[in-house]
Amino acid sequence: MASARHMGAAALMVALAVLALATGGSAKLQHEFYKGKCNGSDVEAVVKSIVKARFAREAPIVAYLLRMQFHECAVNGCDGGLLIDGPGTEKTAPPNLSVKGYDLIAAIKAELERRCPGVVSCSDIEILATRDAVALAGGPAYKVRTGRRDRRRSRASDVKLPGSEYTAAQAIAYYAKLGMSAYETVLLLGAHTVGATQCRVIKNSRLYGYGGKMGATDPAMDPTIASVYKKSVCPNVTKSDGNTVYLDDQWSALKVDNNYYKNLQRGRGVLLVDQNLYRDGSTRKIVDQLARNDGLFQSMFAKVLVKLSEVNVLTGKQGEIRKVCNKFN
């Protein structure tokens, strides 16, 4: 009986999440927006071919693009503002200094400009490239709507991104401003199934100063993995600050899968915000559900990426179609 109630609650949770995801987005975007608009070229096929070639020689591009999409869409919407060069732009804000992948977006834009000048927006290229990289990394293949325009605004002062030390409640509150639910927040943090951070990010918050206490290690961290970090990866010396720490098991760090959630169950989340999802009872049940079912994660992750891609977009005659992605026209 208790099991039946648990299954019913889980089904209700998924149903509500699907409803929330289905109601997001902009009605002015559309599937295959560029069909017949690029002098005979298939815009999405061009993007996919360039991303595929890059992925073949640099698989971490999936992590770069997922991070780029979030840093882009979380600040004034998915509008290409992050791509602009120059003093005081979004790109220069401290949280964006380590964003990578700009050269891939520029290469795709250059090829599309060669084929059909002034047609495809930089903001659409970001979304399409991320979609293709996710599928190449073993994640879901999903459709996205296009027709975004590029905003003529990029200010470092606009950049307010969530911290790596957030509690679950703080993360939920942040993502709520983007129209996301608690379930969707846990899904979006699942992007940490790929990628890496550096020791400087976790040394104080998790290994040597948890809770503001000198020498304290986060008790939620698996003791075995904590010992490995302290002895080998992130010893408590300054020269280890730049050492790489994978956000998922190294064998899975370039695969889009649900292993991230399984690690949270084992106390092996890397960032404090990640492990806090399992520390908090309200999000723990979501983690447990996604850890049990990779198919569920894959389908729901696709939906939440689509919803994120449609946050506060410009369409129609708003904004512009840039000639190059790092400069306003």
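**A helix and the rings around it**

Tutor: In this predicted model, helix α4 (residues 102-115) has 14 residues and reaches 20 Å from its first C-alpha to its last, which is close to the 20 Å expected at 1.5 Å a residue. The buried residues of α4 are Tyr102, Leu104, Ile105, Ile108, Lys109, Glu111, Leu112 and Glu113, and these buried residues pack against α2 (43-57), α3 and α5 (122-136).

Of these neighbours, α3 can be followed in detail. The axes of α3 and α4 come within 10 Å and cross at roughly 85 degrees; since angles of 65 to 115 degrees count as roughly perpendicular, the two helices, α3 and α4, are therefore roughly perpendicular to each other. Where they meet, Ile61, Leu65 and Met68 in α3 are in contact with Tyr102, Leu104 and Ile105 in α4. Tyrosine 102 also has a charge over its ring, for the charged end of lysine 91 sits there, 4.1 Å from the ring centre.

The structure holds seven aromatic pairs. In one of them, the rings of phenylalanine 70 and tyrosine 175 have their centres 5.6 Å apart and their planes at 35 degrees, so the pair is tilted. This pair leads back to α3, because phenylalanine 70 lies in helix α3 (residues 61-73) while tyrosine 175 lies in helix α6 (residues 168-176), 105 residues apart, and the pair thus links distant parts of the chain. Phenylalanine 70 counts as buried at 13% relative accessibility, and tyrosine 175 is buried as well, with a relative accessible area of 5%.

Another aromatic pair is formed by phenylalanine 297 and phenylalanine 301, and it is stacked, with 5.0 Å from centre to centre and 25 degrees between the planes. Phenylalanine 297 and phenylalanine 301 both lie in helix α13 (residues 294-309), four residues apart, or about one turn of the helix. An α-helix has 3.6 residues a turn, so residues three or four places apart point the same way. Both phenylalanine 297 and phenylalanine 301 are buried, and ring pairs link Phe297 and Phe301 with Tyr260 and Tyr261 into a cluster.

Notes
Residues are numbered from 1 along each chain as its sequence is written. This is a predicted model: local features need pLDDT of at least 70, side-chain atom pairs count only at pLDDT 80 or more; totals for chains, interfaces and linings use all residues. Side-chain values use heavy atoms; hydrogens and water are left out. Rings of Phe, Tyr and Trp (its six-membered ring) pair if their centres lie within 6.5 Å; planes under 30 degrees apart count as stacked, over 60 as edge-to-face and the rest as tilted. Buried means under 20% relative accessible area, exposed over 50%, partly exposed in between (1.4 Å probe, protein chains only). A charge sits over a ring if NZ of Lys or CZ of Arg is within 6 Å of the ring centre and within 35 degrees of the ring normal. The expected span of a helix is 1.5 Å times one less than its number of residues. Contact means heavy atoms within 4.5 Å. Axes are lines fitted to C-alpha atoms, for helices over the stretch in contact, and angles run from 0 to 180 degrees between N-to-C directions. Angles under 35 degrees count as roughly parallel, over 145 as roughly antiparallel, 65 to 115 as roughly perpendicular and the rest as oblique.
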